[in-house]
Each structure stands twice: as C-alpha cells, then as structure tokens.
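Subject: Structure handover

Hello,

I am passing on the structure below, followed by notes on what was found in it. Please look it over before reading on.

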Amino acid sequence: MIDLMSGADAARRQSLRRMRVVATGLLVLAAVVFLLTLGRDGVWGYVHAAAEAGMVGAIADWFAVTALFKHPLGLPVPHTAIIPRRKDSLALSLEQFVTENFLTGETIRERYLGAQVAGRLGSWLSRRENAERIVAEAAPLTRRALERIRPDDMQAFIEQTLLPRVRTEPLSPLAGHLLEAVVEDKAHRGLVDIAARELHTWLEGHPDEVASILASRAPWWSPQWLDEKVVARVYAELVAWAAEVRANPEHRVILALDSYLADLAGDLQHDEVTMARAEELKLRILEHPSVGPAAVALWEAVRVALVEALESPEGHLRVRLCRELQEFGARVVDDGPLRARLDEWGADAAVVLVERYGAELTTVISSTIERWDGQEAAAKIELHVGRDLQFIRINGTVVGALVGLVLHTVSQLL
C-alpha cells in the first residue's frame, strides 16, 4: 500500500481527515435536527424538511465520492470502486488527454517562446563563474572522448565513410561559393601579403639564383657583358616590383589577383567546364594512396594537441573557451534579433521532439499506473484530490437542505 510517511503526504492526509470530519459533521448535524424536529408543525416543519433533504443530499454525495475509491460500507454495489477496477483504462485516458492537450506543437512552442530561454541562458553564460563551470565540466569529458578515438577507427571512418562521401558530393559549387565570400570580405589578403613579403625577401636574398635563371634565357649569340647588364637590370626591376607589391595593398597586381579569384569563384559555381575540371582534380587527389594516411596523421596531430590543451585549467584553450562563452552570452543578452532567432530555433527543436517522441513520453503515465495495485492507485489519487472532493459532500448537504426547504415551502403554498 501507499507510503504516507513523507512530509507532504502526511500534510495531505491530515487535511483530508479534517475535511472528512467537517463533511460528516454536517451530515450528523442534519440527522440530529431531523430527529429533534420530527412530527413538529409550523416553522419547525420547514426546518425538518430542510434537514431531511440535507441528509439525503449528504448521503448521496458521500456515496458518490466513496464509490470512486472503494465499495461504500464494503458492499459490492455495481459501479463502485471505480478507480481500483478501471485504473488501467483511466490511465490510458489520462495519457491520451495529456498528449492531445498539452504535448502539442502549438502549446510547446507558445510555452517555450514565453519562457525566453535564450535570454535567460545568455544572462547565465555571461557570468564568468558559470562559463568556467561549463568548461571545467566539459573539458575532462571531451578529453576522455578524444583519447578513446583510436587511429584505426579514425582511418576506417575516413576511408570507408568520409572519402566515399566526398567523392560523390559535388564540391565545386561549394568551393566557388566559399571563394566568392572570401574575395568579397578580402579574407585572402593576409595570404597575399605573406606571399608578397616572402617573394621580396627571397629575391633580395638569392641574387645569384635569380641571375642564373635569367641568364639561362639569354640567346646564344648575345655577348656576355650585355647579358650581365640585362640580367642585373631585370633583377633590380624584379626586386623593386616585389617591394612595390609588398608595400601597396592596392597594387594592380593584387587587384588583378582579386579579379581572377572572383572570376574563378563564379566559374566554379556556374561554368560547366570549370566545374568538371574541378571535380576531376578532386577525384585525382582523393584517389592518391597517401590521402587517407595523411588525413589520419593530421587528425592525430590535432587530437594530441587538443588533449594536451584541455588538461591545463589555466591553458590558453580553456581560458579562450571561457571568454568565448561569456562573450556569446553577453551578445545574446544585448542582441535582440539573435535572441529571437535562437528562441525560434529552440522552439522548432522542442516541437520536433514533442511531435516525434511526445506519445512515447506520455506512456510513462499508463505504464506507471499499470504497475500499481488497484487499492494503492486509489489511495494515491484520493490522497491528492480527496480533500477537494469533500466539498462535494458539504455542498450536497447545504444545497439539499435549501432544495428541501424550497420544496416544502412550495407544497405548503399549494
């Protein structure tokens, strides 16, 4: 049977007993008044009629309330002890009611958006101690997960899943779109600056090699002294040209490179010949036998670096993660459109989960109640709703008395 030893259940049981005493006390009061006014006329006749009807109402409602949970007076009257006998069907009905009225996409979306989850989460993340707590909890788990990934497993994943997928997936439109965004944002200028600086440095530091290359292109019939003058002049112009490219971010060579990259980005997305060549190049690269081992080696290097970085609480990676979480939380709080988008995405995810798994979640209601004994289920339910049901008995006594009084008055008038 039910365990009523918890504090909350003990308070409910005490409240239920008090209301039972009140309801039963009204029934006893009506019975006493009925007996004391029996056979009297005049005003007492009206009191007697009210007491009689109040007794009837009180007994009828006592029977109705008691019949929900057990047989009244232990008598097996038909259609009594409803909850113990029909708990399984009632549990199924309750499950269906919750599914159809609470776990619906519209209801979940409304409640999720009303809760302003993104704003609360952003405010929580913006505090340093919370960001540090998340990183401190996630870092060991992430490190252990990375350590459990074996090179053989990663190699099998790359060779059997990743590379075949990349072979069949057209990458030229994606590469073109990415290159287009890079050129528009001028994100490639950093690489261009490095190349220009390295070219200038190399030309200045290797005059003999440059001279040898230039001299090899001289005609056989030209005199050596002329070749030397031409090579020296060309070398000086090359160094000066490289210095100009290095010093001027808007040099026409750089602008020409920007134009070429923009055209290439467009061709990768729209020109069939360029797209076909890009796909052929992709296949030649992927079919090379060293691609798989190189990818595994790269992953191993990244994995080892991540594991080492996650081990140190004061390391750069963990400190940076904490700072990024704080900044993201502050941005969510301050950026209304971002907060609205995050709430919409969260609501969409919640709706999908409810629509897909809501019915399975509510089965916990029926499966739990089905495991209960009939008497146990009745006791649990009565403990929670029995106090309110006693008001039915009280109202039945009062309303019955008033109705009896009215009927007796009407009969006397007639």
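The axes of helices H6 and H14 come within 9 Å and cross at roughly 150 degrees. An angle over 145 degrees counts as roughly antiparallel, and H6 and H14 are therefore roughly antiparallel to each other. The crossing of H6 past H14 is left-handed. On the H6 side the contact is made by Ala-139, Thr-142, Arg-143, Leu-146 and Glu-147, and on the H14 side by Trp-299, Arg-303, Leu-306, Val-307, Leu-310 and Glu-311. Sorted by class, this contact of H6 with H14 has six nonpolar, one polar and four charged residues. Please note that this is a predicted model.

Next, the core. The largest nonpolar core has eleven residues: Ala-139, Leu-146, Met-154, Ile-158, Leu-163, Leu-286, Val-291, Val-296, Trp-299, Val-307 and Leu-310. H6 (128-148), H7 (151-168) and H14 (291-311) each supply at least two residues of this core. H14 gives the largest share, five residues. Leaving aside residues up to four places away in sequence, Met-154 touches Ile-149 and Trp-299.

H3 passes H16 in a right-handed crossing. Among the residues that meet here are Leu-92, Glu-95 and Val-98 in H3, and Thr-362, Ile-365 and Ile-369 in H16. The residues of this contact of H3 with H16 divide into seven nonpolar, four polar and four charged.

Regards

Notes: Residues are numbered from 1 along each chain as its sequence is written. This is a predicted model: local features need pLDDT of at least 70, side-chain atom pairs count only at pLDDT 80 or more; totals for chains, interfaces and linings use all residues. Side-chain values use heavy atoms; hydrogens and water are left out. A crossing is left-handed if the near helix is turned anticlockwise from the far one by less than a right angle, and right-handed if clockwise. Helices (H or I, at least four residues) and strands (E, at least two) are DSSP runs, numbered from the N terminus. Contact means heavy atoms within 4.5 Å. Ala, Val, Leu, Ile, Met, Phe, Trp, Tyr, Cys and Pro count as nonpolar, Asp, Glu, Lys and Arg as charged, and the others, Gly among them, as polar. A nonpolar core is a set of buried Ala, Val, Leu, Ile, Met, Phe, Trp, Tyr and Cys residues joined through side-chain atoms within 4.5 Å. Buried means under 20% relative accessible area, exposed over 50%, partly exposed in between (1.4 Å probe, protein chains only). Axes are lines fitted to C-alpha atoms, for helices over the stretch in contact, and angles run from 0 to 180 degrees between N-to-C directions. Angles under 35 degrees count as roughly parallel, over 145 as roughly antiparallel, 65 to 115 as roughly perpendicular and the rest as oblique.
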